[in-house]
Each structure stands twice: as C-alpha cells, then as structure tokens.
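Hi,

Here is the structure I promised to pass on.

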There are 2 protein chains.
Amino acid sequence: MGVQKLNEEERNTLLSPLLSDSWEMVQDRDAIKKNFTFKDFNEAFGFMTRIALRADKVDHHPEWFNVYNRVEITLATHECKGLSQRDVNLAKFIDNVYATFTN
Amino acid sequence: MGVQKLNEEERNTLLSPLLSDSWEMVQDRDAIKKNFTFKDFNEAFGFMTRIALRADKVDHHPEWFNVYNRVEITLATHECKGLSQRDVNLAKFIDNVYATFTN
C-alpha cells in the first residue's frame, strides 16, 4: 500500500492547525507553503541543514527556495500527487526547528 | 568604492565562457542561472553545503531552488543590481564543485 492523500477528516484535524500557523495552500496544487525569515544567511542555511538531515532520514524532501536570510518551503508528496501525513509530519518538524531560532 | 557591474569588455572575457558552459542570462534581469542534477538529495544538498560555506565566507550568496536531486542557481549582485566579478567568481567555484560529483 502506497502513501495516501489526506482525506477530509484528516484535513480538518491535521491540516487546519498548520493553515492557522502561517502555512498556506499553494494555488492550483494540493500542496502547502510557508516563508521563513532569519537574521542572516548563516541562520537560514543552518535551519535548512537541520531540515535536510531529517528529510533524507525519512525520505521525504521539501521543495525550497533560499536567498540570503529568506527560505520559502513547499511541501507535497510526489507519490500520491498531493498532501499526505508525511507533509504534516515534516511541516511540524520544520516549525519546531524554526522555533529554536530567535529572530 | 562599491561593487561595480561588469563592463562590456569584462562581459566578453569573463561572462562569455560561463554562457558557453550552460549558464544562461535570466530574462529581464542582469543575472545568470544554471540547473544542476545529482544522483539523489544527499548529493544535491552536499553540493549546496559546499557552496553555502564559500558563499558565507565571501559574503556573496546565491538565489537557489532545490527539489530532491535538482538545484537551480541564480547569481547576481544585490549591491550593484546586476552582474559583478563576484558572480563570475562564485559561478566558477560552483562549476568546480559540481565537477567533483560524478553523475
């Protein structure tokens, strides 16, 4: 059994809290995105590195853009062409890591 | 004295070799971009990490997008709103690092 897209109930219980915490739906895609800002590039890339280590461990990777102190992250699951539990898990991890940075 | 945009002669001597090596001008911007592909995310982020260390050391940072094994890099100099010697230097460094990855 492969990865399943989130169903209606899961979207209400799992996705809604993220959408109330600065994550937003990507236009025309079943994906979520969020922008993060840091003091400088060093902080931004340190943040990215912690996420990269986790992403590779759980084999679920972000789509992300960085310029200097800004990081834009989009999450979706390739295998099910939409949002799955994996994206919820990674989003929570990302938010937890971001919380460790004091801006 | 701040960072200067590349002049005509410098574009011929310094930029042309890059444009012959898969770098291309960004539309409507005095900037260059190039796409890099790797075996997997681990390789792609290893590549990014080597560039990040250099970028922070020389205080000249890329604009970049990554998803899984792909990295898209755009270079321009914020200070002069266009291409400078710093972008040429970083592009060469990036190409040298990329050459160490066997695809």
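Chain B can be laid on chain A with an RMSD of 0.0 Å, using a turn of 180 degrees and a shift of 0.0 Å along the axis. The two copies are thus related as by a two-fold rotation axis. Do keep in mind that this is a predicted model. If you want to find the axis on screen, go to Phe65(B): of the residues of chain B, its C-alpha comes closest to the rotation axis, at 2.1 Å. As for the interface, 100% of the interface residues of chain B are also interface residues in chain A, so the copies meet through the same surface.

**The core**

The largest nonpolar core has 53 residues, and the ones touching the most other members are Phe47(A), Ile73(A), Phe47(B) and Ile73(B). Leaving out residues up to four places away in sequence, Phe47(A) touches Ile73(A) itself, and its other contacts include Phe36(A), Phe38(A), Ile94(A) and Phe101(A).

**Helix H1 of chain B**

Which residues of this helix are buried? In H1(B), residues 8-19, they are Arg11(B), Leu15(B) and Leu18(B). Seen down the helix axis, these buried residues fall within an arc of 65 degrees, so they line one face of the helix. Strands S1 (24-25) and S2 (32-37) and helix H3 (85-99) of chain B are among what covers the buried residues of H1(B). On the face turned away from the buried side sit the exposed residues Glu9(B) and Asn12(B). Finally, Asn7(B) caps the N-terminal end of H1(B), with a side-chain oxygen 3.1 Å from the backbone nitrogen of Glu9(B).

Cheers

Terms used: Residues are numbered from 1 along each chain as its sequence is written. Chains are lettered from A and ligands numbered from 1 in the order in which they are written. This is a predicted model: local features need pLDDT of at least 70, side-chain atom pairs count only at pLDDT 80 or more; totals for chains, interfaces and linings use all residues. Side-chain values use heavy atoms; hydrogens and water are left out. A nonpolar core is a set of buried Ala, Val, Leu, Ile, Met, Phe, Trp, Tyr and Cys residues joined through side-chain atoms within 4.5 Å. Buried means under 20% relative accessible area, exposed over 50%, partly exposed in between (1.4 Å probe, protein chains only). Contact means heavy atoms within 4.5 Å. Copies are superposed by least squares on the C-alpha atoms of residues with pLDDT of at least 70 in both. Helices (H or I, at least four residues) and strands (E, at least two) are DSSP runs, numbered from the N terminus. The arc is that of the directions from the helix axis to the C-beta atoms. A polar contact is a pair of N or O atoms within 3.5 Å; within protein, one must be able to donate a hydrogen and the other to accept it, and residues adjacent in sequence count only if both atoms are side-chain atoms.
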